[in-house]
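Subject: Structure for your files

Hello,

Here is the structure I said I would pass on. My notes on it follow below.

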Amino acid sequence: MKKFGFGSMRLPCNSDDPKDIDLPQIFEMVDRYIESGFNYFDTAYGYHDGLSEVALRKAVTERYLREDVIIADKLPVYMLKPSHNLEEIFHEQKERCGVEYFDYYMLHNITNNFYNGIIPQLKCFEFAEKLKEEGFIRHLGISFHDDAETLDKILNEHPSIEFVQLQINYLDWDNEGIQSGKCYEVARKYNKDIIVMEPLKGGTLVNIPEDAGKILTSYNPDLSLASWGIRFAASLEGVLTVLSGVSSLEQLEDNLSYMKDFNPLTEDELKVIGDVVEIIKHSIAIPCTGCDYCLDTCSEDIPISKFFALYNDVKQSIELQFLHYFYYDNLAKKNAPASSCLECGECEENCTQHIKIIDELKKVRELLEVDLESML
């Protein structure tokens, strides 16, 4: 497996309708990808309203020998209800993808809430482990969106997990709301293979502040802004492959230009990225440093700095993504939601950055506090 995977979450479409997939362009992209020596295709039950798996079948498994490609899919944990039949979902996935087995199969979007809720209710791990025993999946893993502590607990309790798919990029590496770096270290501690998703944060890292972009292009004008994000992730030890959600042939060609003969980031390049991160951080909406002095006085135990980190992440992104709601919900249920603020003001007295925390928490609540279950 080479270090560049074909992600099927943001396939090219003919319109704004995610079901209106541009199959002729996908055929061309798949052909170009495979002739360049790559073969890892990632999809999921819910991508493109269920049609990503179908597109993969038409573009890949109906046109190439099964043994020549690697197919990864996911059990949609976040969509499951107690009434669901896992066997039926898996059978549907095999039919959609046109396969008899999956090379890599994950429990999708694992969070603390799902891990302690629907996953044991439906015995999802037991189901997946049985699929592996029967040969229907070759490698069992999880796609994870929570903090490092939760990941440590899961990997400790489920040694059958062979790999972890993590959101890793140079901007999220030290973000306390997402904890990319900390989660990576936990996966390495358990010697698990890592597959990287969101290396460009859904396009955010190709839409960075102008000053930051100039630093990258000045250092190497031949490299695209996207290349820095993907190469950062691919340079990490233990990473099997980095998924890029290619939305056009042009994007794919750019990815291939530096991943076909991949060279890890040098020490100088890492320092350049560090400078870029500092510029991006200075453009953040809430100038929180994460010192957590505010938390020392909060009687409600609101994870203020983590909420602010997540809020800043949204404001630095191209758009509010559904996963942001999951990250907020994880934090709110483990600690307390932003709406539980009593407006006592003690946190503001302790803030080293003189942030109007009460007002900022209201913004967090308005943006991210939703009834997540009703949205699924």
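**The barrel**

Eight strands form a closed barrel in the order S1-S2-S3-S4-S5-S6-S7-S8, with parallel pairing. Strands pair if DSSP finds at least two bridges between them; helices (H or I, at least four residues) and strands (E, at least two) are DSSP runs numbered from the N terminus. On average, neighbouring strands of this sheet are turned by 30° against each other, direction ignored. Axes are lines fitted to C-alpha atoms, for helices over the stretch in contact, and angles run from 0 to 180 degrees between N-to-C directions.

This is a predicted model, in which local features need pLDDT of at least 70 and side-chain atom pairs count only at pLDDT 80 or more, while totals for chains, interfaces and linings use all residues. Residues are numbered from 1 along each chain as its sequence is written, and side-chain values use heavy atoms, with hydrogens and water left out.

One of the pairings joins S5 (residues 137-144) to S6 (residues 163-167), parallel and over four bridges. Within it, Gly-141 has Phe-163 of S6 as its bridge partner. Helix H1 (residues 23-35) packs on the sheet, where it touches S1 (4-7) and S2 (40-42); contact means heavy atoms within 4.5 Å. The direction of H1 makes about 165° with that of S1.

**Helix H10 and its two neighbours**

H10 (residues 225-234) and H12 (residues 267-282) have axes that come within 12 Å and cross at roughly 120°. H10 and H12 are therefore oblique to each other (under 35 degrees counts as roughly parallel, over 145 as roughly antiparallel, 65 to 115 as roughly perpendicular and the rest as oblique). Trp-228, Arg-231 and Phe-232 of H10 meet Glu-269, Leu-270, Val-272 and Ile-273 of H12. These contact residues divide into five nonpolar, no polar and two charged (Ala, Val, Leu, Ile, Met, Phe, Trp, Tyr, Cys and Pro count as nonpolar, Asp, Glu, Lys and Arg as charged, and the others, Gly among them, as polar).

For H10 and H11 (residues 249-259), the axes come within 10 Å and cross at roughly 50°, which makes H10 oblique to H11. On the H10 side the contact uses Ala-226, Ser-227, Ile-230, Arg-231 and Ala-234, and on the H11 side Asp-254, Asn-255, Tyr-258 and Met-259. Here the division is five nonpolar, two polar and two charged.

**The annotated region**

An unreviewed UniProt entry lists residues 5-274 as "domain: NADP-dependent oxidoreductase". Over residues 5-274 the chain is 41% helix and 17% strand, with the end C-alpha atoms 25 Å apart.

Regards

Terms used: UniProt positions renumbered as here; feature names shortened; annotations may be inferred.
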